Amino acid sequence: MTTRDVEAAARTPEPDRPPALSARETAAWVWRQLTSMRVALILLFMLAVAAIPGSVVPQNDINPLAVGDFRVRNPALSEWYDRLGLFDVYSAPWFAAIYIALLVSLVGCILPRSIQHWRAMRAAPPPAPRRLSRMPVYRRFEVTAGPDDVLDAARAELRSRRYRLDRVGSVEQIPAHPPGGSVAGEAGQLRETGNLVFHLAVVVVLVAVAVGSLFGYRATVLVPEGSGFANSVIQYDGLSSGALFDARDLPPFSLELDEFEMQFVESGPQLGTPDRFEATVRFTAEPGAPEQTRTIRVNEPLEVDGTLVHILNPGYAPAITVRDADGTVLAEGPVPFLPQDNSFTSTGVRKVPVGPEAGMGEDIGIQGLFLPTAVVDDRGPRSIFPEPRNPALFITAFHGDLGLDDGQPQSVYRLDTSGMEQFRTDDGEAFRAALAVGETVQLPEGFGSVRFDGYVTWVNLQIGRNAGKEFVLGGALMALAGLLASLYVRRRRAWVRVAANVGTATVVEVAGLQRSEGGDLEAEVDAITAGFLSRLPADTGRVVRHGPPRPGPRDGTADRVGDMDGRRSAR
Amino acid sequence: MDAAALGEWSRFVVAGAIAAYIVAWLAFCAETAYRLRDRRVAAASTASAVAGAPTAPRLARVGGTAADGDNGDDPVPPHAEPVVADDQAERMAGIGYSVTVLATLLLGAGVVLRALSVSRPPWGNMYEFSITAALVASIAFLALARTKAGRAAAVWVVLIVFVTLSLAVTVLYLPPGPLVPALRSYWLVVHVGAAVLAFGLFTVAAVVSALQIVAERAEGKGATSGFATSLPASSTLDRLAYRLIAIAFPVWTVGPLILGAIWAEASWGRYWGWDPKEVWALITWLAYAAFLHARATAGWKGSKASVVSLIAYGTVLFSYFGVNIVFNGLHSYGGL
Ligand code: HEM
């Protein structure tokens with residue numbers, strides 16, 4: 001059965017009559033609809049259309065910040081979007097409904113086709129039709145070799161071309177006709193096999209993605225130069241994981257970030273765009289294991305046991321030391337600042353919890369602006385290049401209650417100033433200072449001093465495992481192989497029929513038929529013909545007479561049989 | 001010569017190619033015009049010669065019987081040659097073809113110079129992608145132009161190529177420069193390279209599909225004059241579009257989807273993340289899968305399938321222009 005036949009079989013009857021009433025019949029009707037080619041086509045389209053909104057509307061699990069932004073700007077619209085799941089298109093029920101329908105349709109389509117194909121592969125190819133001259137490619141000539149020799153040669157030739165043949169011995173003996181026979185061959189069943197493999201592989205990919213996502217996880221952790229982390233859930237800044245993720249499966253490695261280097265394009269039209277990010281880490285595969293030095297670059301993650309460690313985004317962490325009036329250190333060390341633009345104008349805060357007993361009895365909060373290459377112009381202080389060419393720290397400071405004890409989680413990048421008051425200078429101006437590396441400034445009212453010690457870089461690392469990716473890749477490659485077979489293998493049949501003619505000659509007819517597009521069937525039939533003629537002993541394979549000047553013994557009707565050389569048959 | 005100078009040279013050479021494409025386009029337009037005129041004359045004269053015969057209005061197309069067969073390998077579709085010799089049309093076609101060869105060579109040189117100026121494959125930003133895709137489309141067209149069905153697409157393919165190039169050297173132009181680190185990978189070579197290749201082929205296929213629709217409608221009406229009569233049989237165009245898509249579809253499967261996923265994992269740590277570009281690559285893939293299905297579904301062959309092919313091409317354009325310009329995803333390397 002050809003794919004077209006299958007398709008015809010799979011097609012539903014015209015849906016002009018209402019579905020039958022009994023539940024079983026209705027179910028059968030729905031099933032037939034669902035597995036029909038037309039519905040598959042519609043579902044493919046629907047899935048494509050359904051995927052569009054997810055690329056237009058910001059998505060929660062891709063860009064939550066953009067979603068938050070959108071909500072603020074369009075509160076009323078957002079409500080509707082929430083109702084429709086438009087912020088989570090790819091996990092929305094209606095999206096799932098479409099692809100599950102497609103999956104069901106796919107399976108419902110593949111199974112019966114596989115069974116049919118299996119049977120077709122084992123069945124003998126259909127015997128030669130009575131009138132070969134009606135086939136799209138047809139040759140007819142006479143040779144001196146005997147009919148059986150010609151048939152044997154044809155069999156050998158077709159077999160060597162990997163045609164499946166009908167059973168040996170199906171020699172037609174039509175009474176009242178001279179002895180003869182025919183052989184039928186079929187090639188290219190790989191096309192249907194490939195098609196089935198392709199569709200099956202699509203199912204494999206979809207299932208592997210779905211199951212894999214249950215076990216996978218993705219976490220981020222921000223690591224300043226000179227510090228490190230051990231791979232465990234409590235160390236992560238953020239974690240998203242599948243339902244069946246088990247924290248005990250995390251590989252127990254640890255990392256120390258020795259150096260994170262970043263370079264940017266220094267001239268030309270792409271001035272300031274990233275040129276090179278490279279992290280040098282000391283890596284310990286598990287507690288007690290020897291330490292190794294590794295580098296992580298963009299596109300070159302560190303792989304640990306199926307878990308990948310990637311560079312996400314970098315930044316600077318200025319180091320600030322805060323002392324009280326006596327010179328006692330209240331806080332020190334680098335604090336990560338968040339870049340606000342492509343030149344790494346970065347903002348951040350240093351929270352100094354002091355407590356009622358120490359110092360002035362009040363917390364101190366410092367708000368800072370770190371500029372790797374600082375300029376101050378009419379647009380205020382800003383950075384003009386992401387590498388530290390003229391690093392400067394602009395600060396202002398607050399005193400009061402940081403609110404760290406009230407149990408509310410706080411951002412480490414923002415100061416909650418509701419319980420605080422900004423420092424003022426003697427003339428009542430808000431306290432501000434611009435510091436170069438190594439400079440110190442005194443806080444007003446005898447609160448102590450702030451020193452800008454320097455800076456390090458930090459990098460946000462992503463730690464994640466894409467569970468099941470091997471299966472996804474395997475499925476995708478299988479799909480590709482199937483697709484290539486399905487698109488390029490041509491399904492074709494060839495027949496050779498011989499009949500002893502009066503005298504010593506044997507009339508040979510060769511015909512070909514092709515069910516799929518492309519290729520050159522004419523050339524193939526010619527090659528088959530030349531091939532089996534050359535297999536005939538000595539001279540007997542020479543064509544003694546060309547073309548079908550008159551209808552053959554079996555072609556009772558005077559078919560119009562093409563040009564003189566038999567290149568084209570009429571249809 | 002330094003990178004900037006090479007880049008400038010490349011731009012000059014591409015501009016030269018644009019000029020050549022315009023000349024080729026005018027020649028192909030003239031060819032079409034001559035053919036239409038000849039056909040009108042032929043139709044008029046035969047109509048008067050066999051006035052009253054029921055076949056008269058179709059005379060311009062006699063001989064077209066074998067075209068609807070199964071093996072459409074016949075490079076010359078079965079149009080009857082018009083009674084009036086169309087020497088001028090042939091000459092114009094010849095000029096158009098030669099100038100297109102010249103333009104393609106120039107464009108090829110421009111693309112190579114660009115590659116030299118940036119020391120990497122020339123598809124790192126929208127400008128480079130556009131000129132390379134235009135080159136692919138142009139070469140694909142030249143390969144097809146040996147058949148009459150391919151030649152029918154000439155006016156339109158050349159038009160699209162020169163519009164793309166004109167946009168490229170004006171709006172999309174970026175002087176040579178290094179790539180952001182994320183793009184510096186051999187995956188760029190194969191992933192984007194495959195996308196460029198598929199893009200060029202889809203473009204030619206879309207032109208052929210559009211012509212298929214026009215031809216099929218004209219055949220339905222039995223038109224004897226007008227642009228459509230200069231086209232090959234709709235079934236020939238249908239097969240040509242199918243073959244182009246049958247080549248481009250696996251390329252799209254490999255490049256944007258499979259290799260894209262592998263690279264995404266290396267670069268971002270996940271092989272699929274519903275980034276707008278990824279979503280649109282998938283939408284394109286689904287749309288062309290729908291096209292392949294449509295062609296195999298009874299009642300969808302011919303112009304309905306061609307409509308699907310055009311819609312699918314719309315998604316290609318969008319995943320290329322739309323996503324780079326409209327959205328700000330991880331893939332925003334377009335350089336705009
Ligand atoms: C995720 C869903 C699907 C995808 C991505 C898909 C993709 C494809 C592709 C790319 C082809 C082209 C191969 C070729 O032309 O030989 C194809 C062919 C085919 N598909 Fe699907 N398909 C899907 C679902 C289905 C379903 C549900 C059915 C069952 C009704 C189906 C039935 C067929 C058939 C019969 C062919 C062969 C067409 C021919 O004879 O050329 N497909 N499919």
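The model is predicted. Residues from chains A and B surround the ligand, so the site is shared between the two chains. Over all chains, the structure holds 32 salt bridges, and several of these are described below together with the elements in which their residues lie.

**The ligand and its surroundings**

- The ligand is surrounded by 24 residues, of which the closest are A:Ser105, A:Cys109, A:His199, A:Ser486 and B:His293.
- Sorted by class, this shell contains 15 nonpolar, eight polar and one charged residues.
- At least two residues of the shell come from each of helix H3 (37–56), helix H6 (93–122), helix H8 (190–215) and helix H9 (469–488) of chain A, and likewise from helix H8 (276–296) of chain B.
- A nitrogen atom of the ligand lies 2.8 Å from a polar side-chain atom of A:His199, and a polar side-chain atom of B:His293 lies 2.4 Å from a nitrogen atom of the ligand.
- For A:Ser486, an N or O atom of the side chain is 2.4 Å from an oxygen atom of the ligand.

**A nonpolar patch on chain A**

- A:Val207, A:Val211, A:Leu214, A:Phe215 and A:Leu244 make a nonpolar surface patch of about 390 Å².
- One of these residues, A:Val207, is found in helix H8 of chain A, and A:Val207 is partly exposed, with a relative accessible area of 41%.

**Salt bridges in chain A**

- Side chains of opposite charge can pair when their charged atoms come close.
- A:Asp526 and A:Arg139 meet through their side chains in a salt bridge with an N to O distance of 2.6 Å; this pair links distant parts of the chain, with A:Asp526 in helix H10 and A:Arg139 in strand E1 (residues 137–143), 387 residues apart.
- Within that pair, A:Asp526 counts as partly exposed at 27% relative accessibility, whereas A:Arg139 counts as buried at 8%.
- A further salt bridge, 2.8 Å from N to O, joins the side chains of A:Glu157 and A:Arg535; here too distant parts of the chain are linked, since A:Glu157 is in helix H7 (residues 147–160) and A:Arg535 is in the loop between H10 and strand E25 (543–546), 378 residues apart.
- A:Glu157 is buried, with a relative accessible area of 6%, while A:Arg535 is partly exposed, with a relative accessible area of 41%.
- A:Glu261, A:Arg276, A:Glu278, A:Arg297 and A:Glu300 are connected in a network of salt bridges.

**A salt bridge in chain B**

- B:Glu90 and B:Arg35 form a salt bridge in which the closest N and O atoms are 3.0 Å apart; B:Glu90 lies in helix H2 (residues 87–118) and B:Arg35 in helix H1 (residues 3–49), so the pair ties together parts that are 55 residues apart in sequence.
- B:Glu90 is partly exposed, with a relative accessible area of 39%, and B:Arg35 is buried, with a relative accessible area of 9%.

**Other buried residues**

- B:Gln212, which lies in helix H6 (residues 186–221) of chain B, counts as buried at 1% relative accessibility, and a polar contact of 2.7 Å joins its side chain to that of B:Ser306.
- B:Ser235, in helix H7 (residues 234–268) of chain B, counts as buried at 17% relative accessibility; B:Ser235 and B:Lys301 are 66 residues apart in sequence and 9.5 Å apart in space, C-alpha to C-alpha.
- A:Leu533, in helix H10 (residues 521–534) of chain A, counts as buried at 14% relative accessibility, and 64 Å separates the C-alpha atoms of A:Leu533 and A:Val89, which are 444 residues apart along the chain.

Conventions: Residues numbered from 1 in each chain as written. Chains lettered and ligands numbered in written order. Predicted model: local features only at pLDDT ≥ 70, side-chain atom pairs only at ≥ 80, totals over all residues. Heavy atoms only, no water. Near = heavy atom within 4 Å. Polar contact = N/O pair within 3.5 Å; in protein donor to acceptor, adjacent residues only side chain to side chain. Helix = DSSP H or I, 4+ residues; strand = E, 2+ residues; numbered from the N terminus. Nonpolar A, V, L, I, M, F, W, Y, C, P; charged D, E, K, R; others polar. Patch = residues over 30% accessible without salt bridge, like charges linked within 9 Å, V, L, I, M, F, W, Y side chains within 5 Å. Areas by Shrake-Rupley, 256 points an atom, 1.4 Å probe, with all protein chains shown as cover. Salt bridge = Lys/Arg side-chain N within 4 Å of Asp/Glu carboxyl O. Buried < 20%, exposed > 50% of the residue type's maximum accessible area, 1.4 Å probe, protein only.
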